Structures are given as structure tokens and as C-alpha cells.
Amino acid sequence: MLYLDHAATTPVRPEVLQAMLPHLSDRFGNPSSHHTVGERAAGALADARARVAAFVGMRAGDIVFTSGGTEADNLAIKGITIAAALRSGIPGHVITSMIEHEAVLASCAYLERVHGVQVTRLAVSSTGRIDPDAVAAALRPDTALVSIGYANNEIGTVQDVGAIAAATARVPLHLDAVQAAGWLALSGTGADALSIAGHKIGAPQGTGVLAVRGRIPLEPLLHGGGQERGRRSGTEDVAGAVGFATALELAEAERSADAARVGAVTTAFIDAVLATVPDARLTGDPVHRLPGTASFTFTGTSGEAVLLELERRGVVSSSGSACAAGDSDPSHVLLACGVAPDVALTAVRFTFGHGGSPDPAQLAAAVAASVTAVRSTG
């Protein structure tokens with residue numbers, strides 16, 4: 001079976017399991033406890049925090065361990081915006097885009113519905129790119145936050161985050177870097193906050209980080225014992241933090257080589273599909289895209305039916321975001337890019353991992369055969 005749904009989740013790396021195991025067995029202490037066992041756990045947590053900070057270009061105190069990317073997005077968007085509102089006495093304003101992950105869009109909708117925050121959702125180009133000038137034009141005196149996805153989880157389009165950061169110089173910028181981690185540089189982006197999910201980089205599901213600069217006021221979502229410098233209460237998952245730090249460390253060490261190798265395979269696969277499958281259309285930006293993402297629409301099919309045919313041929317992929325599994329509506333990302341609703345329902349996404357490299361021609365042949373099978377029965 002060839003697994004090509006790494007944007008949904010990745011297998012836990014053996015090195016990560018090995019690093020975590022002591023903290024799931026004899027090194028079981030609570031890092032808040034003031035005794036030898038607890039202090040040993042606190043030391044492991046501090047080490048993991050420092051290692052993560054080094055790779056995102058922030059200080060150790062800026063790292064908040066979370067349960068994943070969704071919590072990190074929620075904490076960034078709600079925490080920064082509500083903290084600003086408490087200081088200013090007005091609800092404020094948030095800028096995002098129409099193609100963001102549901103964790104971002106739903107957080108913005110919550111602020112709008114419950115707290116009276118005004119939200120600007122920027123349009124994108126047909127390839128999913130955000131115009132930095134549009135970001136600058138949308139800024140207002142009461143803008144509390146700009147939240148943009150570094151790279152899109154469905155179509156793989158990568159944003160010009162440097163230009164966006166320059167456009168938002170006076171306003172905090174949050175980047176949802178869940179899909180970017182392991183493929184793109186996390187430091188030097190100009191962001192004030194970054195969300196990362198461990199299970200996209202070889203750490204277990206249920207691990208994540210919000211890296212947020214200490215100068216940015218942040219209202220916590222979870223209240224209690226004041227862990228994570230008061231920004232996320234609850235006993236820390238030491239093993240998860242160690243696993244996350246180890247996975248990020250490995251991903252960063254291999255990033256440049258893997259991006260080049262996987263990018264070449266993906267490009268060859270895209271070219272082969274477009275050459276062999278009639279009416280196949282690549283979605284997302286053909287140049288500014290993640291090295292391992294290839295997403296297509298196949299007019300005259302059902303994306304779900306193509307997926308079933310692919311799995312019969314030993315290929316596992318997806319129709320888009322795993323977080324929208326079971327949703328029969330067309331992708332909001334594709335609709336924002338101008339894809340017709342009936343065509344959007346034919347989308348299939350292939351996301352390659354950092355491991356083995358499948359043969360692009362053989363994979364494209366399996367895609368062609370699957371699309372032909374669906375069209376012949378339609």
C-alpha cells in the first residue's frame with residue numbers, strides 16, 4: 001500500500017518513540033512537583049522547549065505546548081484578539097483569508113459571533129495566493145491580528161509571508177504553519193506567532209506548539225494552575241513535548257534535502273498526470289507550492305469514487321482536508337479559487353512524505369486508470 005496522505009497525518013518516527021519512551025515509563029514525574037522526580041521532568045520539558053525555540057527563531061519562554069495545530073490556532077486567534085480587546089475596551093478587527101483551515105475560520109467566526117469582533121476575509125487569486133497589498137489595505141486602527149496560513153493544507157499554495165509580514169509591521173501576524181513545518185523555514189518569517197502540529201512531522205497525534213513572542217499579550221483559553229507561563233494551564237505532556245522537539249529537530253535537519261528530492265518527484269508526477277489524464281487540472285500555485293503536494297480536479301468524476309479506485313490499486317490519498325472528512329460540500333478553498341462547485345467535488349489530493357519516493361510514471365498510470373474507470377461507469 002502506497003500512503004500519499006501525509007498532509008493528514010504522518011507515521012511517528014522511531015527516533016521520536018525512542019526519545020519519548022523514558023517519559024512514558026520510569027521518568028513519569030509531574031514537572032510542577034518540587035521534588036527530584038518532578039524536577040527531572042521539568043528539566044526534560046525545559047530542554048524540549050529550548051530546542052523548539054531554536055528552530056522557530058524565538059526564545060524558550062515563547063513556546064507554548066498544545067494538543068495540536070487546532071488548539072494552537074484557537075489560542076493564537078482568540079487569545080491575541082481578546083487580550084487586545086481587554087486592553088482597548090473595543091472588540092477590534094481581525095484579518096484572515098477565505099482559504100484558511102477550519103480551525104482559523106471557526107475561531108474568527110466565534111470572535112465575530114460572541115465578542116462582536118469584525119473580521120475581514122481576504123479573497124485569493126485563482127492559484128490561492130494572497131496579495132500582500134490587499135493585506136495592507138485591509139488594516140484598520142483597531143486591527144488586533146492578521147492570521148494567514150503559511151501553506152494551504154488542501155492545494156499546497158505557499159504565501160509570500162515575508163511581504164505579508166512587511167505589510168503588517170504594526171499589527172501582530174499569526175502564521176498557521178502546520179503544513180509548512182518540515183518543508184519550509186520556520187524562522188525568519190517575520191511572524192509574531194506560529195502554529196505547528198506534531199503529527200505532520202513525525203511526532204504523535206495530540207502534540208503541537210504555539211510559538212508566540214512574549215511581548216504579545218495573550219489571553220489563555222485554559223485556566224487553572226498557570227502552567228506554560230499562565231498561557232495554557234494543565235499538567236504538561238512531557239513525553240509529547242520531547243517527542244515534538246525530536247521530530248522537529250529531525251525534520252529541520254533533513255528539510256533542504258527532502259524538499260529538493262520530494263519536490264522533483266512531485267513535479268514529475270504532476271507533469272505525468274496532466275499529460276495522461278484528459279481534463280485533469282492542477283489546483284493551487286504551480287510554482288509557489290509545497291514540495292510534496294499535488295492536487296487535481298478530474299472533470300466528469302467524483303473525487304470520492306476516484307479515491308476508491310485508487311485504493312483498489314494500492315494508493316491511499318484524499319479528497320482534501322482530513323478535518324472535513326465526511327463533508328459532502330465542495331471545498332471552500334477551491335471555491336475561493338474560482339473553481340465551480342461541481343468541479344470542486346472532483347478534487348483529489350496527493351501528499352508525499354519525507355520517506356520513500358514512488359515512481360511518478362507508475363503512480364500517474366494508476367491515477368489515469370482510476371479516473372478512466374470512474375468515467376466509464378458514470
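Leaving aside its neighbours within four places in sequence, with which residues is Phe350 in contact?

Modeller: This is a predicted model, in which local features need pLDDT of at least 70, side-chain atom pairs count only at pLDDT 80 or more, and totals for chains, interfaces and linings use all residues. Residues are numbered from 1 along each chain as its sequence is written, and side-chain values use heavy atoms, with hydrogens and water left out.

Beyond those neighbours, Phe350 is in contact (heavy atoms within 4.5 Å) with Leu4, Phe269, Gly292, Thr293, Ala294, Phe296, Leu310, Val315, Ser317 and Val367. Phe350 belongs to the largest nonpolar core, which has 90 residues. Such a core is a set of buried Ala, Val, Leu, Ile, Met, Phe, Trp, Tyr and Cys residues joined through side-chain atoms within 4.5 Å, where buried means under 20% relative accessible area (1.4 Å probe, protein chains only). Phe350 is among the residues with the most contacts inside this core, as are Phe269, Val273, Phe296, Phe298 and Val367. Helix H7 (residues 238-276) supplies the largest share, 15 residues; helices are DSSP runs of H or I, at least four residues, numbered from the N terminus. The core lies between domain 1 (14-251) and domain 2 (255-376), because both give residues to it; domain bounds come from an automatic or database domain assignment.

The centres of these two domains, taken over C-alpha atoms, are separated by 28 Å. Their contact takes 27 residues from domain 1 and 28 residues from domain 2.

Technical notes:
Buried < 20%, exposed > 50% of the residue type's maximum accessible area, 1.4 Å probe, protein only. Helix = DSSP H or I, 4+ residues; strand = E, 2+ residues; numbered from the N terminus.
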